[in-house]
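Please prepare a briefing on the structure shown here, grouped by topic and with the cut-offs behind each term.

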Amino acid sequence: NKVFDEYRTISNATWAKDSVLQFSFNIPRKTQNHNIYFNIRNDQSYGFSNIWLFVTVQPPSGKVLTDTTQVILAEPSGKWLGKGFSGIYDNRIIYRRNVFFPESGIYTIYIKHGMRFADLKGITDFGIRVEKIK
């Protein structure tokens, strides 16, 4: 069911506030609904239990939609969520369910972190996954 699944590595595990991650994918048919996931990898040096994200979706027509969303990466006790291996934690979090893309063509998603710090340490990779719904 995968339409798109791609990661961007964050250089030195430090995501600069002005750094925008860009993901482009093709939606060939307007009749199919999709789920969109964020894939986030963090290491143990990440100093927060959450991350705020600024999300911009640009359809083929160019008319953009913007969103701000919070992703929880750890329990209140401090235990990291996701699968852990060698101090890296991998999370696949649903961003939007049952998304209807109104146009066929290339969609682009732009992601920036919305945390208060200019350099956000501890995020190693960020990805987007788009899946068809059966």
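Asp-125 lies in strand S11, residues 123-132, where strands are DSSP runs of E with at least two residues, and helices runs of H or I with at least four, numbered from the N terminus. The model is a predicted one, in which local features need pLDDT of at least 70 and side-chain atom pairs count only at pLDDT 80 or more, while totals for chains, interfaces and linings use all residues. Residues are numbered from 1 along each chain as its sequence is written, and side-chain values use heavy atoms, with hydrogens and water left out.

**Surroundings of Asp-125**

- Asp-125 counts as buried at 12% relative accessibility, on a scale where buried means under 20% relative accessible area, exposed over 50% and partly exposed in between, with a 1.4 Å probe and protein chains only.
- The side chains of Asp-125 and Thr-9 are joined by a polar contact of 3.0 Å; such a contact is a pair of N or O atoms within 3.5 Å, of which, within protein, one must be able to donate a hydrogen and the other to accept it, and residues adjacent in sequence count only if both atoms are side-chain atoms.
- Leaving aside residues up to four places away in sequence, Asp-125 touches Tyr-7, Arg-8, Thr-9, Ile-10, Asn-39, Ile-40 and Arg-41, contact meaning heavy atoms within 4.5 Å.

**Aromatic pairs**

- Rings of Phe, Tyr and Trp (its six-membered ring) pair if their centres lie within 6.5 Å, and planes under 30 degrees apart count as stacked, over 60 as edge-to-face and the rest as tilted; by this rule the count comes to 13 aromatic pairs.
- The pair of Phe-38 and Tyr-95 is stacked, because the ring centres are 4.5 Å apart and the planes stand at 25 degrees.
- Phe-38 belongs to strand S4 (residues 33-43) and Tyr-95 to strand S8 (residues 88-100), so this pair ties together parts that are 57 residues apart in sequence; both Phe-38 and Tyr-95 are buried.
- Tyr-46 and Trp-80 make a tilted aromatic pair, with 6.3 Å from centre to centre and 50 degrees between the planes.
- Since Tyr-46 lies in the loop between S4 and strand S5 (50-58), and Trp-80 in the loop between strand S6 (65-72) and strand S7 (83-85), the pair ties together parts that are 34 residues apart in sequence.
- Tyr-46 is buried with a relative accessible area of 3%, and Trp-80 also counts as buried, at 15% relative accessibility.
- A cluster linked by ring pairs includes Phe-4, Trp-15, Phe-23 and Phe-126, among others.

**Charges over rings**

- Arg-96 lies over the face of Tyr-95, at 4.6 Å from the ring centre, under a rule that asks for NZ of Lys or CZ of Arg within 6 Å of the ring centre and within 35 degrees of the ring normal.
- Arg-92 lies over the face of Tyr-37, at 5.9 Å from the ring centre.

**Strand pairing**

- S4 and S8 run antiparallel and are joined by 10 bridges, two strands being paired if DSSP finds at least two bridges between them; Ile-36 stands opposite Arg-96 in S8.
- S7 and S8 pair in the antiparallel sense over three bridges, and Lys-83 has Asp-90 in S8 as its bridge partner.
- The hairpin of S7 and S8 has two residues between the strands, and in this hairpin Ser-86 takes a positive phi near 55 degrees.
- Four strands in the order S3-S9-S5-S6 form an open sheet with antiparallel pairing, whose edge strands, strand S3 (21-27) and S6, each pair on one side only.
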